[in-house]
Amino acid sequence: MSVESDPVLILGGGLIGLAVAHQLARRGEMVQVLSRRRSEAAGFVAAGMLAPHAEGLSGPLLGLGKASLERIPDWVQRIEADSGLSCGLRPCGIVVPFASAEQRDAYPTAAFGTPLTRAELEREIPGIGSSWQAGLLFPQDGQIDNRRQLMRALERACVERGVAFDEGAEVLELVCRQGRALEAVRIRRAQGDDGTIPCRRAVLACGAWSARLMSALPVAPIKGQMLSLQGPRDALKRVLFGPGIYLVPREDGLLVVGATSEPEAGFAEGLTPFGQRELQAGIEALLPEAASWPPMERWWGFRPGTPDEAPLLGPSPIPGLWLATGHYRNGVLLAAITAELIAAAIPPAGNPGGAPAAIEPEAETLLKHFRWDRFPGCKRECPPSPSPPPGPTGERDIPR
């Protein structure tokens, strides 16, 4: 295989896959994205919160989230420059309400926020439910309009940078040379014909479906349901992040509401009355007046969960394959840092088995915390699944 015909294959056309593809293309790599249905991708179903502090993250995951949040403005600027489209970034701040000041002060990230009394909470969130007596304001957190703007801009940016898309290509199997290094991927296209694409460098970004290609990866689907309401413009200026539910206001008054958490649902598709009632109850508790706003959309999807709710990043046990999956609720937040870390870890064309590009000490440290084998019981050898069941390569998870 010549250097000129040695593209990096991105297995999965969701937000994470496209972010990595764009980053690699900007450094001059040939990149090809394989996705069964890109319309099911993570970025089209998430709420778009950028909330490492409001989420109450801790430890290495908080560090990863903060590092990504710092990079997002420049990352968005590059996407917008390449695409000519706005990504809808809004540093609007996020408010987390609490039933008492004691609960507020015990929150894991309380030191990063501004404490609010009941009166201050009402000024930040007019009409907030009466049961909330205190709050934290995280002005450094925000949101991005992923469904309507970011994903479209990122797709356009990839195209402008020469990324090739193979839409309707379902990845069935990873083919390894002598049972070790990656040699090819076997695919089935929408027309029903099977084929094999040779490759020496690939990124597994299949979200909740990742374990179908590599069974030892501890990634499982966490189903979530969401809806949107049409409220008055500027009725809510901050994101409101309550326990089990969040309200994300767009500039035009659209209010994105999410999300249920249903690990027992597996890959069961569709909305459920129970899930929709849960969302409605959350709206009534957080912002009672919004309960009467007309619903616009209802949808569902799958988060890629891991045992510690943190992603799997960096080299896999198969030489030539890198992991960018398992982002659970934080795929939108972590897209920028994931793209940077994975692109830095992949060696340039012509030297796939050699040393990767120079990695900054911070990046190397971050990657060490998110290795695939950090969990007890993970096998050192991780062969691909011999007969993976059908499933999309495009993510359909719901990061926050």
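Colleague: Where is Glu309 found?
Modeller: Glu309 is found in the loop between β18 (295-305) and β19 (312-315), strands being DSSP runs of E of at least two residues and helices runs of H or I of at least four, numbered from the N terminus. This is a predicted model, in which local features need pLDDT of at least 70, side-chain atom pairs count only at pLDDT 80 or more, and totals for chains, interfaces and linings use all residues. Residues are numbered from 1 along each chain as its sequence is written, and side-chain values use heavy atoms, with hydrogens and water left out.

Colleague: And what is its phi, for Glu309?
Modeller: Phi of Glu309 is near 60°, a positive value in a residue other than glycine, whereas most such residues have a negative phi.

Colleague: Is Tyr328 buried or exposed?
Modeller: Tyr328 counts as buried because its relative accessibility is 9%, where buried means under 20% relative accessible area, exposed over 50% and partly exposed in between (1.4 Å probe, protein chains only). Phi of Tyr328 is positive too, near 50°.

Colleague: Switching to packing, which residues have the most contacts inside the largest nonpolar core?
Modeller: Those are Ile10, Leu64 and Trp75, in a core of 56 residues; a nonpolar core is a set of buried Ala, Val, Leu, Ile, Met, Phe, Trp, Tyr and Cys residues joined through side-chain atoms within 4.5 Å. The largest share of this core, eleven residues, comes from α7.

Colleague: What is Leu64 in contact with, beyond its sequence neighbours?
Modeller: Leaving aside neighbours within four places in sequence, Leu64 is in contact (heavy atoms within 4.5 Å) with residues including Pro311, Leu334 and Phe370.
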